[in-house]
Amino acid sequence: MTDSMAKLLKVGSLLLLLVLALLFPFIAGNSTYVTIAIFAFGFAAAATGWNVFSGYTGYIALGHAAYYGIGGYTLAILCQHWHIAGGWIPFLLVPLAGLVAAVFSVPLGAIALRTRRHTFVVVTIATFFILQLMSYNLRGLTNGSSGIDFPLITDWGINIPGISFADFYVLPFYYVALALTLVALAVSWFVRNSKFGLGLLAIRDDEDRALGLGVRTGPSKLFAFVISAFFAGAAGALLSYYIGGVQPTFTFDALFDVAIALMVFFGGIGTLAGPILGALVLESVQKYSATVFTQGGGGVYLIIYGALFLVVVLLLPQGVIPSLSILWNKYVLRRIEPTDAAEDTSAGTPGAGPVGDRLPRVNEGASA
Amino acid sequence: MNVLEVANVSKSYGGIVALNGCSLNVAEGQIAGLIGPNGSGKTTLFNVMTGYEKVDGGTVTFAGRPITNAKPDTIFGMGVGRTFQLTRIFPRLTVIENMHVAVQRQGMLGLLSRWSSSGEHQRALELLDFVGISRLKSLPAGNLSYGQKKLLEFAFILIANPKVILLDEPAGGVNPAMINVLAGRIRELNRQGITFLVVEHNMEFVMNLCHHVTVMHRGTPIAAGRPAEVRQNPAVLEAYLGD
């Protein structure tokens, strides 16, 4: 297969996936499945944003639930104070909510990023608990443990013959969640291919060496952190609006961090598609099992999660996308190896081939 | 004219003295060698010259400007590149991506541009070709052999157009056929105006390549001169064979 054919196939597949995503609500034919998809895409956006920071730099942040919460609360407070009615306007404020979360992340990130490795993880967790406590205690702003309800949506202002209000209700949320995911993916792709992104990946491999080569490690890490907080905040605003309210317990939810980290690791950390795949699979499994298995306190999804992770850890230990990528590269290498071996007799002459004493190993760990 | 000057530098780790009033000059346009038994302070000297370690006392200057205890990126930005004894490349980046890491010193707008379409890309490919690993450009650098990693590290230092390059055991782990090629490349770059300071245990490589050799022992230079002179120096023989 030539390079141009492979590129064409890739673009074609992506377009097909996009068309499927756009038509999904009509294919699914059931608002329950669309609801599951709203959460899956909301988490996919947050996980993709998280991956821009944690996946590319190798700094594992476990406090992004704070920014998810800030996003949710920002939208709820804005709707309450500006007397915004339920409908389309709150969607327009979702980016603003993400922006507020991003602004919060600047000082918090600057403090946390003075540390590395395990200490960094602990500091990010601490920032989450501080903000959760603030949401309980700043009652004048957050209404304490009672939280804030979003305005009810009674009319979207659009009537499509044959589609009831109940069925139409989920569609705007679905398409906004999908759009947010696509924006997160575009940003992640842009970062991955920029010099800035290359600096982040260099930090992941050897931060001190990168610094020594002139990579502005501090500002780069902080900028990536702010990007990831923006998407966590935007996802928090959107999903909180869909749920209908914010409360400290579930809007600042520590499990959010565990969830997005697992999604990214499941799909493949540091890859473009991994976080989306992980979110679509895991969030769908969780929501679907909670719908189907109503007995047992809704914990059945944990068993399914466990089984899925067992399969991935045993068979695809680097996450689904990188593991499949390695298998594919091994297959390709097996096919081209005889030719390469013949060519390698020229090894050692600059400008005429590889300098080496053996064939290069397969392309392990490459980003998809 | 000396491009690098180390004057009376000291460095200790707890009770262990790594550099003891060490002084060293590297003349512009020279290929200088730095040899000595294991633990004589060669790598520590490299570290203090490039900002990876802070000195306890003494001064380091580059082209007449003080760089004592300056940060590694500042020194690199001024034009002093270095490689490491144990290579420090970026193993999960591809070979070509590694080449672009060293050209990150630019404004925010420049950083947001695509690295693969930058003006440096062609030069990166040429440099990979120069050291003979251009065909491996798409492979993750971690998959290269040890010698190939050495060559990659050498190449990605070159892309930043340094005035002085400090090479820490460049021939270590490189296959014998390639060592001669590597020496040829160093000479070629030297003719283009780049000054080299080379730490190396391969005596044949050092003696054939360097214009001037300094011998370190217990954290201080004990002899310096042309390779043929140093080779005959009794203090050098004593340092290598005496204890």
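## Basis

This is a predicted model, in which local features need pLDDT of at least 70, side-chain atom pairs count only at pLDDT 80 or more, and totals for chains, interfaces and linings use all residues. Residues are numbered from 1 along each chain as its sequence is written, chains are lettered from A and ligands numbered from 1 in the order written, and side-chain values use heavy atoms, with hydrogens and water left out.

## Chain A overall

Chain A has 14 helices and two strands. Both are DSSP runs numbered from the N terminus: helices are H or I with at least four residues, strands are E with at least two. Of its 368 residues, 50% count as buried. Buried means under 20% relative accessible area (1.4 Å probe, protein chains only).

Contact means heavy atoms within 4.5 Å. Among contacts in chain A between residues at least 6 apart in sequence, 75% join residues at least 24 apart.

## Helix H9 of chain A

H9 spans residues 217-243 of chain A. Its 27 residues reach 39 Å from first C-alpha to last, close to the 39 Å expected at 1.5 Å a residue. That expected span is 1.5 Å times one less than the number of residues. In H9(A), 21 of the 27 residues are buried, so the helix is largely enclosed by the rest of the structure. A:Gly244 follows H9(A), with a positive phi near 110 degrees.

## Domains of chain B

Domain bounds come from an automatic or database domain assignment. For chain B it gives domain 1 (2-79 + 162-241) and domain 2 (89-147). Their C-alpha centres lie 27 Å apart. Ten residues from domain 1 of chain B and six residues from domain 2 of chain B make the contact.

## Nonpolar cores

A nonpolar core is a set of buried Ala, Val, Leu, Ile, Met, Phe, Trp, Tyr and Cys residues joined through side-chain atoms within 4.5 Å. The largest has 150 residues, and B:Leu152, B:Phe154 and B:Phe196 have the most contacts inside it. Helix H2 (residues 31-57) of chain A gives the most to this core, with 14 residues. Domain 1 and domain 2 of chain B both give residues to this core, so it lies between them.

Leaving aside neighbours within four places in sequence, the contacts of B:Phe154 include B:Thr83, B:Val131, B:Ile165 and B:Phe196. A second, separate core of 27 residues includes B:Leu4, B:Val6, B:Ile75 and B:Val80.
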